[in-house]
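Reader: I would like to go through this model and hear the grounds for each term you use. Please set the values against the definitions.

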Amino acid sequence: MKNKFLKGTLALALVAAFFSSCKPKDSNDVVSGDAAQKAYVAPGKYDEFYNFVSGGFSGQVSVYGLPSGRLLRVIPVFSADPQSGYGYNEETKPMLNTSNGFVPWDDQHHTELSQTNGEVDGRWLFANANNTPRIARVDLKTFTTKEIIELPNSAGNHSSPFITENTEYVVAGTRFSVPPDNVNGDVPINTYKQNFKGYLSFVKVGKEGEMDIAFQIAAPGVNFDLSHAGKGKSHGWFFFSCYNTEQANTLLEVNASQKDKDFIMAVNWKKAEEYIKAGKGKKVATKYVHNIYDEKTHTAKSETRNEVLVLDSKDFKDICYMIPCPKSPHGCDVDPTGEYIVGSGKLAALIPVFSFDKLQNAIKNKQFDGEYDGIPVIKYEAALHGEVQKPGLGPLHTEFDGKGNAYTTFFVSSEVVKWDIKSLKVLDRVPTYYSVGHLCIPGGDSKKPYGKYLIAYNKITKDRYLPTGPELAQSAQIFDISGDKMQLILDFPTIGEPHYAQAAPADLIRNNGQLKIYKIEENKHPYVTKGEKESKIVREGNKVHVYMTSIRSHFAPDNIEGIKLGDEVYFHVTNLEQDWDIPHGFAIKGADNGELLIMPGETCTLKWIPKKTGIFPFYCTDFCSALHQEMQGYARVSPAGSSVPLTFSIGTNLPAAK
Amino acid sequence: MLISCGDKSKSTDNSSKESTSEEATKTEAVDPSTYDPNRGLGKFTTVDLGDKLDVAMAKKGEEIQTVKCSSCHKLTDEKLVGPGWKGVTSRHKPEWIMNFITNPDPMIDKDPKLQAQLEICLMRMPNQSLSDDDARHVLEYMRQNDGVK
C-alpha cells in the first residue's frame with residue numbers, strides 16, 4: 001500500500017516537473033538570497049502571528065510563531081498529554097469522556113478561530129475529533145481546552161468545525177454515513193443505500209463560547225468531506241463538499257469515482273433555523289456527552305444528553321440544494337466577499353468556481369436537473385462562475401489573500417498555485433515538499449485575510465530533514481506572498497500530520513485578556529488549600545484526601561504516614577505561586593497515572609492507589625529554583641489494618657524514631 | 001527588522017501594564033548609582049504610617065500572610081525559606097518593604113542587602129502578585145508583629 005503510494009508520488013514528482021517546466025516560472029531557485037532574513041525573528045523578539053496547527057493523529061493542536069516557525073506550545077485537546085497532565089489528573093479526565101467511555105486518543109483535523117463580523121477575533125479556537133466525533137473549544141486566554149461536545153448520528157467528523165461569520169454556529173458534517181443512533185444498526189453493510197444517512201450538526205455557540213447542538217439535518221447517505229460558511233452576501237448559507245454520491249460501501253477508491261460529478265451541498269441554515277423555531281424539528285433519541293471545564297473550580301464535568309432535534313432534508317425543499325462539482329470534491333472554500341465558492345475535485349484537473357448570485361438565480365428560476373435523494377440538483381452551468389483551466393493535478397484547498405487572489409494546493413502535482421478569482425487566470429505556482437494538503441493564510445477564510453504569509457502543510461518530507469528511522473516528520477512551509485511571486489522562506493517539521501491550520505495577528509491573541517496566573521483568591525476548587533496553614537489530610541473510609549501546597553521549594557506536608565494498603569489516595573496540590581510561568585510538578589513513585597503539572601494559583605489532583613507497603617518518595621517534576629531538587633517528600637504505606645495513625649508534618653524535625 | 005520590531009514597542013507597553021513589571025523594569029533599567037537603598041525600586045515613594053496600629057488593616061494583612069507568605073516566612077526571627085519577619089519594620093523603611101514585596105525581582109538585582117540575603121537563602125522571593133492595598137495591609141501586619149499597638 002505504502003509502496004504503491006510512494007511510487008505514485010515519484011511519478012507525480014515527474015508530473016510536477018513537467019508542469020513547472022512548461023510554465024514560465026523559476027521553480028528551481030525556490031530559496032533566494034534574502035529568504036532566511038524574511039523568516040528570521042531574533043531571539044527575544046516576538047513573532048507577528050500565532051499559527052494554530054492541527055496535530056492530526058497526535059490529537060492535539062500545536063502553536064507556532066510566524067514567520068519564525070518556532071514551536072510555542074502544544075495544546076492537548078483530544079489526547080491525554082503527559083506534559084501537562086491533561087487527561088491524567090482527576091480534573092481533566094472528564095474532558096475525554098464520551099458515550100463510549102474514556103477515549104484518550106483521537107484524530108484532530110481542522111482548527112477554526114472564532115470570528116466577529118467575519119473577522120478573526122482571537123477569543124477561541126475550535127477543533128474537531130475525527131474518529132469519535134467531537135468538537136472542542138480552546139480558550140485563547142489560557143490556551144487550554146474548555147469544552148468538548150460529542151456529535152450523535154455521526155462517524156468520521158471531517159467537515160468540521162467550520163463557523164459562521166459571527167460564530168453563531170460551528171458545523172460538523174459526517175464523513176461516514178451510518179445508520180442513525182436511534183435505529184438498529186445491525187444491518188447488512190450492502191444495505192447502505194436504504195439504511196445509511198449523513199447527518200450535519202449545527203452547534204450553537206453562546207456568548208461565553210458555550211456549545212450546544214441546536215439541530216441536525218438528516219441528509220442523504222454520502223461522504224461529507226469539507227465545509228465552509230458563507231459570508232457577507234452569502235451569510236446564512238453553508239457549503240459542504242460531498243463524495244461517494246454513488247453510495248458505494250466497498251473499495252471506494254474505484255466505486256466512489258464512477259460519476260463525473262459529485263456535489264457541493266448548499267444549506268440555507270437561516271431557513272433551517274426558522275423551521276426549528278416554528279417547531280418543525282423532531283426530537284430523536286440518542287446519547288452523547290458534553291464536557292465543560294469550569295475555570296473557577298479548575299474541574300471538568302461530563303454530562304450525558306439523551307435527545308437531539310432533527311430536520312429531515314427530504315421534508316423541507318428549500319433548505320438544501322446540490323451543486324454538481326467535478327471528480328470527488330474535497331475542498332470547499334468561500335472567498336472574502338462571500339460571492340465565490342471554490343470546489344476542488346481530488347481527481348480533477350480543473351477548479352470549478354461557483355457564484356453565489358448565480359446560485360440564487362438558479363434557485364429562483366428553478367434551473368434544476370432533477371433531484372438527488374429528494375434534494376434539488378442545480379444545473380452545473382447555472383451556478384458556475386467559471387473553471388480554472390489546467391491549474392495542476394488534484395486540487396484540494398483554497399485560501400485567499402484579500403487582494404482578489406486565490407491560492408490552491410495541489411496534492412498530486414505537489415504545488416501551490418495562485419490564480420485570479422475573477423478572471424480565473426493562473427498567476428504563479430511554487431513547488432512544495434511534498435504532497436501538500438491544506439494551506440493557511442492568516443485570516444485566509446475570513447472576510448479580512450492578512451495576505452502576507454502562506455503556509456503549506458505537507459504530508460510527506462522525504463529528503464527534507466535528517467532521517468529518523470522509517471518515519472519522518474511531516475512539514476510546513478512558509479511562503480512570503482506579499483509580492484507578485486510566492487517566495488519560499490522557511491520550512492519546519494510539525495507534530496503529527498498537520499491538516500488545516502489558522503493564524504491570527506499575535507497582538508489580537510495576546511492582548512485579549514490572556515491569563516498569566518490563576519488568582520489564588522478566586523480558586524473555588526473543592527479541595528483547594530489556601531496557604532500552608534490549611535494543609536491537612538482527611539480520611540473518608542478508604543479514601544485519603546491530601547490537601548497539599550507547593551511553593552518554591554517545598555511541599556506542605558512533606559511527611560505523610562498512616563496510609564494503608566487498600567486506600568485510594570488523592571493528592572490535591574495547590575500551587576501557591578502568584579508569579580507568571582512558575583508551574584510546579586508532582587510525581588510519586590509507582591503511580592500508574594502520569595503526574596501533575598500545576599499552574600500558579602491552580603489546584604490539581606493525582607489519584608494514587610498504592611500497590612505495596614513501604615516508603616514512596618514524591619517530588620516536583622518542573623524545575624523551579626536553585627533548590628528545586630530539594631522539593632520532595634515521603635509517603636509511608638502500611639499494611640491494611642495497621643495501627644499507624646494518619647499523621648502529616650512539615651519542618652517539625654521530629655527526633656529520630658527508634 | 002520590520003517583521004519582528006513592528007510591534008515590539010507595543011509589546012513592551014502591554015507587558016508592563018500587567019503584572020510582569022520584571023521585563024519592563026529590567027529593560028528600562030535604573031542606573032545603579034541612582035538606586036536608593038532606603039526606598040528601594042518600585043512605585044512607592046512615601047508611605048504614611050499612623051502612630052497607632054490600624055487593626056482592621058493588620059487583620060487583612062494577616063489573611064494575606066496566611067495564604068501567600070507563611071509558606072516561607074516565620075513570624076519569629078527564625079529563617080524558614082526566607083528570613084523571619086521579626087524586626088523587619090525596624091530594619092527597613094516602609095517604602096522599601098512596600099516596593100520589595102510588590103516588585104521583588106528587580107530589587108533583588110539592585111539592592112545590596114537583598115543580594116547579601118540571597119547568598120544566605122539561595123532563593124529569590126517569588127512575586128506573589130500583591131495589589132497595592134495587599135502590600136499596605138501586609139506591612140501593617142508586620143508592624144503588629146513588631147509590637148506596634
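Author: We can begin with D225(A), which has its place in strand β14 (residues 223-229) of chain A. The model is predicted, so local features need pLDDT of at least 70 and side-chain atom pairs count only at pLDDT 80 or more, while totals for chains, interfaces and linings use all residues. Residues are numbered from 1 along each chain as its sequence is written, chains are lettered from A and ligands numbered from 1 in the order in which they are written, and side-chain values use heavy atoms, with hydrogens and water left out.

Reader: Why is D225(A) called buried?

Author: Buried means under 20% relative accessible area, exposed over 50%, and partly exposed in between, with a 1.4 Å probe and protein chains only. D225(A) has a relative accessible area of 3%, so it is buried.

Reader: Which residues is D225(A) in contact with, leaving aside its neighbours within four places in sequence?

Author: Contact means heavy atoms within 4.5 Å. The residues that D225(A) touches in this way are H158(A), S159(A), S241(A), C242(A), Y243(A), P329(A), H330(A) and K346(A).

Reader: How do you know that β9 and β17 of chain A pair?

Author: Two strands pair if DSSP finds at least two bridges between them. Strand β9 (residues 144-150) and strand β17 (residues 282-294) of chain A have three bridges, in the antiparallel sense. I148(A) has N291(A) of β17(A) as its bridge partner.

Reader: What is on record for β17(A) and β18(A)?

Author: Eleven bridges link β17(A) to strand β18 (residues 299-312) of chain A, again antiparallel. N291(A) has S302(A) as its bridge partner in β18(A). The two strands form a hairpin with four residues between them, where H298(A) takes a positive phi near 55°.

Reader: What makes β20 and β25 of chain A edge strands?

Author: The open sheet in question has four strands in the order β20-β21-β22-β25 (chain A), with antiparallel pairing. β20 (329-334) and β25 (384-389) each pair on one side only, and that is what the edge label states. Neighbouring strands of this sheet are turned by 20° against each other on average, direction ignored. Such angles use axes that are lines fitted to C-alpha atoms, for helices over the stretch in contact, and run from 0 to 180 degrees between N-to-C directions.

Reader: How many bridges join β21 to β22 of chain A, and what packs on the sheet?

Author: Three bridges join the antiparallel strands β21 (residues 340-345) and β22 (residues 350-355) of chain A, with I341(A) opposite F354(A) in β22(A). Helix α6 (residues 356-364) of chain A packs on the sheet and touches β21, β22 and β25 of that chain; its direction makes about 65° with that of β22(A).

Reader: Why is one side of β26 and of β29 in chain A left without a neighbour in the sheet?

Author: The sheet is open, with four antiparallel strands in the order β26-β27-β28-β29 (chain A). β26 (395-400) and β29 (426-431) stand at the edges and have a single partner strand each, so one side of each lacks a neighbour in the sheet. Five bridges connect strand β28 (residues 415-420) of chain A with β29(A), and V416(A) stands opposite V430(A) in β29(A).

Reader: Turning to chain B, how many helices and strands does it have?

Author: Chain B has nine helices and zero strands. Buried residues make up 46% of its 149 residues.

Reader: What makes α9(B) largely enclosed?

Author: Eleven of the 14 residues of α9(B) are buried, so the helix is largely enclosed by the rest of the structure. Its buried residues include H137(B), L139(B) and Y141(B), and their cover includes α4, α5 (88-91) and α6 (94-102) of chain B.

Reader: How does the span of α9(B) compare with the expected one?

Author: The expected span is 1.5 Å times one less than the number of residues. α9(B) has 14 residues and reaches 20 Å from its first C-alpha to its last, close to the 20 Å expected. G147(B), with a positive phi near 95°, follows α9(B).
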